[in-house]
Amino acid sequence: PTEGSPLTPVATVSRYACQRRTTLENHNKKFTDAFEVLAESYEFNNMEGPCLAFRRATSVLKSLPWAVRCLGATQDLPCLGQHTKKVIEEVLQCGRSFEVEKLLSDERYQTFKLFTSVFGVGPKTAEKWFCRGLRSFSDILTDHSIHLNRMQQSGFLHHGDISRAVSAAEARSLRSVIDGAVHCVTPAATVALTGGFHRGKEFGHDVDFIVTTPELGEEESLLPNVIDELKEQGILLYCNYQASTFDMRKLPNHHFEAMDHFAKCFLILRLESSQVEGGLHCAEGDIRGWRAVRVDLVSPPVDRYPFALLGWTGSRQFERDLRRFARVERGMLLDNHALYDKKKKEFLAASTEKDIFAHLGLEYMEPWQRNA
Ligand code: ATP
Ligand code: MN
Ligand code: MN
């Protein structure tokens, strides 16, 4: 049959996000927004299976270049189970899902959502506080039996600013701040934007950078020196530095949720309004003249750079599926450090992201196509 004739099979949608080009253009937002609430709620209740099922379904719908207009249209799509289809049907018929509406007004869901919006507070801590009967920030801050760690203290202190989205203009300004600090301490070092902004997002919850040195081993002192420099500039509001625990003798850990072993730091920086084209995205900050922003820096040894870049560019769902694809379909182990072939019992070398896609037998995808 000629192209476009009714006999041409519609290209099948892959079960793996790493085989679906997913841009930021989401034609199915009303469904994926509903799924995201359900996934979150399952996450809050420690139900990993259903949580992942809704995240996968979200990712499949995000990849479609068309909007779902009837349930029949989802027939040949992967990763959509009974529950997801019921939600789609409800949204199609009523414009909303009652299950989602019930969750949105549920006290447990609302409280977890509020508590986990604080930097340093995950579902476990939220659960502990909820079970103690705490429901608001003032409940927590006035309860003297609650111990807040340093990260959570900063999280509360800067909550107003860091719960507001970071704009692309703010990310660009932070890039010159980081560039300046890095080159001041190590002129030969390189800085690359990664995370959501590298995928072309207009807004993010933080800004992520990979910094490294052309000389292997020189990266070891890089982050501590950059942190000192930011401190000297008077813009370091919070810093959690984790030294490298990287060991090349270990096999890659395909469990995505495990953190990588590179030296990294989770920061809160002070960003001056005058340094941002068109001003700050945060109105209160604009009046004050500055705002607090979350910044992540990771510094892999230069020979691990392509793996680190691939791992930190995300999205999270893209990364999960990349690892699952490597293991299930190729018998390989992939993480942020390396790619290991289990049959050949050897590590596969790469000097670019493209090399890694090629080893996996995957078509290369640009960062802006990884918004799974
Ligand atoms: P957002 O706009 O919300 O920041 P994002 O995609 O940039 O979206 P991040 O949470 O900043 O999300 O994470 C960016 C990438 O970095 C993710 O793909 C994730 O895999 C990776 N990442 C984040 N934290 C760690 C960590 N501690 N160890 C390893 N990888 C991490
Ligand atoms: Mn990010
Ligand atoms: Mn981040």
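In this predicted model, the C-alpha centres of domain 1 and domain 2 lie 29 Å apart. The chain is divided into domain 1 (17-102), domain 2 (108-157) and domain 3 (166-246 + 266-303), with bounds that come from an automatic or database domain assignment. Local features need pLDDT of at least 70 and side-chain atom pairs count only at pLDDT 80 or more, while totals for chains, interfaces and linings use all residues. Residues are numbered from 1 along each chain as its sequence is written, ligands are numbered from 1 in the order in which they are written, and side-chain values use heavy atoms, with hydrogens and water left out.

**Interface of domain 1 and domain 2**
- The two domains bury about 590 Å² between them, 56% of it from carbon and sulfur atoms, where buried area is the accessible area (1.4 Å probe) that two parts lose on being put together, summed over both.
- On the side of domain 1, Glu 40, Phe 44 and Asn 45 lose the most area to domain 2, together 73% of what that side buries.
- One salt bridge is counted between domain 1 and domain 2 (a side-chain nitrogen of Lys or Arg within 4 Å of a carboxyl oxygen of Asp or Glu).
- Lys 113 forms a salt bridge with Glu 40, and their closest N and O atoms are 2.6 Å apart.

**Manganese site**
- Asp 206, Asp 208 and Asp 296 each coordinate the manganese ion (ligand 3) through OD, at 2.1 to 2.2 Å (donors are N, O and S atoms within 2.8 Å of the metal, or 3.2 Å for Na, K and Ca; water is not among the atoms, so sites may look incomplete).
- Asp 206 coordinates both this ion and the manganese ion (ligand 2), the two ions being 3.6 Å apart.
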